[in-house]
Amino acid sequence: PFLVVNVAGIREEDQMRILFGEGRSLGLMKQANHGTIVIRAIDKLTLNSQYHLLQIIRKKRSATSILDNDNVQEIDTRIIGCTSKNLLELKKKGKLRNDLYYLLHTFCLAVPEFSERKQDVRLLTQEYTQKYMNLYSRYHIITDDAIKAIVDYYWEGNDLQLEAFCERLVLTVGSRKITKEIVNSLL
């Protein structure tokens with residue numbers, strides 16, 4: 001199994017229930033057994049939820065199994081934690097357990113900001129403009145200078161902002177040819 005959960009904005013009780021289960025309901029950690037669970041906004045886990053996650057990582061079994069030796073169930077789950085926060089800073093502020101920090105820090109992958117991935121911006125611009133030209137039965141030609149202006153722009157809202165811009169561009173352009181000047185006026 002490949003499961004994804006975003007824990008941002010979820011109360012501690014709900015984090016515990018969703019991730020580790022409650023009563024007869026299986027938590028996502030057990031549901032993802034022999035698979036992968038992606039925990040988005042892992043920096044939002046409460047300290048208690050962090051403790052239980054740590055136990056699963058270290059002991060390879062659920063925290064309830066650790067307390068109840070009659071009900072031991074091995075957990076073999078790949079855990080991927082995602083965050084846009086600096087985990088070292090959270091550790092220093094006491095918002096992330098030291099031991100969990102070191103376990104999570106075993107393998108880190110930093111994804112560059114969207115604005116630093118110019119080739120992705122270029123490909124998505126082409127994909128989104130084509131999508132909206134097909135959707136609205138509009139056919140435009142985008143000049144290389146117009147594409148360059150889009151690629152060079154700082155997309156604070158990442159691909160969501162870029163997609164919305166491309167839809168607006170396709171809908172509002174008054175000519176068949178989309179130029180740099182048209183793009184700049186909309187940006």
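The side chains of Arg-117 and Asp-120 meet in a salt bridge, with 2.7 Å from N to O; a salt bridge here is a side-chain nitrogen of Lys or Arg within 4 Å of a carboxyl oxygen of Asp or Glu. The model is predicted: local features need pLDDT of at least 70, side-chain atom pairs count only at pLDDT 80 or more, and totals for chains, interfaces and linings use all residues. Residues are numbered from 1 along each chain as its sequence is written, and side-chain values use heavy atoms, with hydrogens and water left out.

**Salt bridges**

- The whole structure contains 9 salt bridges.
- Arg-117 is partly exposed at 27% relative accessible area, and Asp-120 is partly exposed at 31% (buried means under 20%, exposed over 50%, partly exposed in between, with a 1.4 Å probe and protein chains only).
- Lys-44 pairs with Asp-43, their closest N and O atoms being 3.8 Å apart; Lys-44 is partly exposed at 41%, whereas Asp-43 is buried at 13%.
- Lys-148 and Asp-152 form a salt bridge with closest N and O atoms 2.6 Å apart. Both residues lie in helix 8, 4 residues apart, about one turn of the helix (helices are DSSP runs of H or I with at least four residues, strands are runs of E with at least two, and both are numbered from the N terminus).
- Lys-148 is partly exposed at 48% relative accessibility, as is Asp-152 at 45%.

**Nonpolar cores**

- The largest nonpolar core has 21 residues, and those with the most contacts inside it are Val-5, Leu-19, Phe-20, Met-29, Ile-37, Ile-39 and Leu-53. Such a core is a set of buried Ala, Val, Leu, Ile, Met, Phe, Trp, Tyr and Cys residues joined through side-chain atoms within 4.5 Å.
- Elements that each supply at least two residues of this core include helix 1 (12-20), strand 4 (36-40) and helix 3 (47-59).
- Apart from this core lies another, of 18 residues, among them Val-121, Leu-124, Ala-146 and Trp-155.

**Helix 9**

- Helix 9 (residues 158-172) has 15 residues and reaches 21 Å from its first C-alpha to its last.
- Leu-162, Glu-163, Phe-165, Cys-166, Leu-169 and Val-170 are buried in helix 9. They cover an arc of only 160° around the axis, which puts them on the same side of helix 9; the arc is that of the directions from the helix axis to the C-beta atoms.
- The cover over these buried residues includes helix 7 (118-135), helix 8 (144-152), strand 7 (177-178) and helix 10 (180-186).

Notes. Expected span 1.5 Å × (residues − 1). Contact = heavy atoms within 4.5 Å.
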